[in-house]
Amino acid sequence: MAPPGVGARVAAGFTVIPLRFSARSRATHHLFVKQHRVREAADRSRPQDRTLFVLNLPPYCTEECVHRLFSQCGPVTSVELREKPGPGSTSDAQKSKFFPGQLMQGFRVAYVVFKRAAGVKSAVSRNLREPWVVSTSEHPLKTGVQKWIRDYCCSITDPGELQTEVDQFIQQHDKRMAEVEALAEAEDGVPDKDGWIKVTRKGRRPGIPRTEAGNLRVIQREKRKRAQKELLNFYSWQHRETKREHIAQLRKKFEEDKQKIALMRAERKFKPY
């Protein structure tokens with residue numbers, strides 16, 4: 001039987017799965033699940049016949065917890081937690097474990113991929129009376145201060161492991177740049193389909209197509225050059241003005257000395273020797 005206030009979602013094709021934090025908890029939480037279907041092209045990371053879409057996932061549920069709960073319906077291949085529904089990640093590059101990014105807050109959604117399509121059918125066809133228990137004696141879920149302590153311990157980075165990952169990234173980057181340079185050298189002097197020949201300057205890196213970030217760096221570099229030139233011109237003008245003022249003061253002192261000498265000569269007090 002569906003809980004009050006969720007009839008519209010159940011009618012829209014969702015199945016309600018009751019959930020409790022522990023066996024002693026009295027409050028019951030409800031998950032809404034249905035088979036994942038989209039109009040866009042098929043996503044390899046989310047095959048529509050084997051992917052289950054989960055709504056209203058509480059913040060304390062981790063990927064391991066979701067994997068364990070839905071394994072009751074069938075073997076689970078992967079679990080993806082998101083702040084809100086959206087397309088899957090297009091990048092196949094694995095992110096660094098040292099920089100996980102911004103932590104998700106509040107209720108979330110999940111995409112659970114089963115090994116077989118029967119797992120999705122089993123999940124959406126379940127009519128549970130007893131809620132699923134998230135935190136058990138075999139798999140306790142840490143919350144409160146214990147969770148903060150665990151997160152802090154996990155946030156401490158091992159310098160050796162970090163240095164190893166940095167070295168691997170630098171090696172992969174150097175390898176990609178070498179491949180780009182080799183490809184540019186191979187294309188140098190070879191006409192393209194329109195008959196044009198790409199000419200590069202020997203001894204320099206081959207031309208690489210500029211990106212938006214590269215264009216922005218070039219613009220910022222030109223701005224810095226102009227600012228330095230204006231600052232240099234400003235100090236040159238200030239130096240010229242200082243010299244002019246000094247010369248004017250010397251001339252004024254010279255005229256005053258001439259008047260004093262003329263006065264001393266008139267009074268016959270001028271004795272240069």
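Val 145 is found in helix α4, which covers residues 144-155. The model described here is predicted. Val 145 counts as exposed, because its relative accessibility of 53% is over the 50% cut-off for that class.

Together with Trp 148 and Ile 149, Val 145 makes a nonpolar surface patch of about 360 Å².

## Overall layout

The chain has six helices and six strands. Read from the N terminus, the order of its elements is α-β-β-β-α-β-β-α-β-α-α-α.

The chain is 273 residues long, and 21% of these residues count as buried.

## Nonpolar core

The largest nonpolar core holds 24 residues, of which Leu 52, Val 54, Leu 57, Val 66, Phe 70, Val 112 and Phe 114 touch the most other members. Two or more residues of this core come from each of the strands β1 (15-20), β2, β3, β4 and β5 (108-114) and from each of the helices α2 and α3 (117-124). Which element gives the largest share of this core? Helix α2 does, with four residues.

A search of the whole structure finds five salt bridges. One of them joins the side chains of Arg 46 and Glu 80, with an N to O distance of 3.0 Å. This pair links distant parts of the chain, as its residues are 34 apart: Arg 46 is in the loop between β2 (29-35) and β3 (51-57), and Glu 80 is in strand β4 (residues 76-82).

The two partners fall into separate accessibility classes. Arg 46 is buried, at a relative accessible area of 3%, whereas Glu 80 is partly exposed, at 22%.

## Salt bridges within helices

Helix α2 (residues 63-70) contains both Glu 64 and Arg 68, which are four residues apart, or about one turn of the helix. Their side chains form a salt bridge in which the closest N and O atoms are 3.7 Å apart. Is Arg 68 buried or exposed? Arg 68 counts as buried, because its relative accessibility is 19% and the limit for this class is under 20%.

Asp 257 counts as partly exposed, at 29% relative accessibility. Lys 253 is also partly exposed, with a relative accessible area of 47%.

## Positive patch

Arg 217, Arg 221, Arg 224 and Lys 225 form a positive surface patch. One of these residues, Arg 217, lies in helix α6, which spans residues 212-266.

## Backbone and loop details

Asn 56 lies in strand β3. What is the phi of Asn 56? The phi angle of Asn 56 is positive, at about 65°, although this residue is not a glycine. Asn 56 is partly exposed, with a relative accessible area of 25%.

Gln 48 is placed in the loop between β2 and β3. Gln 48 counts as partly exposed, at 23% relative accessibility. Along the chain, Gln 48 and Val 120 are 72 residues apart, while their C-alpha atoms are separated by 9.8 Å.

Note on methods. Residues numbered from 1 in each chain as written. Predicted model: local features only at pLDDT ≥ 70, side-chain atom pairs only at ≥ 80, totals over all residues. Heavy atoms only, no water. Patch = residues over 30% accessible without salt bridge, like charges linked within 9 Å, V, L, I, M, F, W, Y side chains within 5 Å. Areas by Shrake-Rupley, 256 points an atom, 1.4 Å probe, with all protein chains shown as cover. Salt bridge = Lys/Arg side-chain N within 4 Å of Asp/Glu carboxyl O. Lys, Arg positive; Asp, Glu negative; His and termini not counted. Charge placed at Lys NZ, Arg CZ, Asp CG, Glu CD. Buried < 20%, exposed > 50% of the residue type's maximum accessible area, 1.4 Å probe, protein only. Core = buried A, V, L, I, M, F, W, Y, C linked by side-chain atoms within 4.5 Å.
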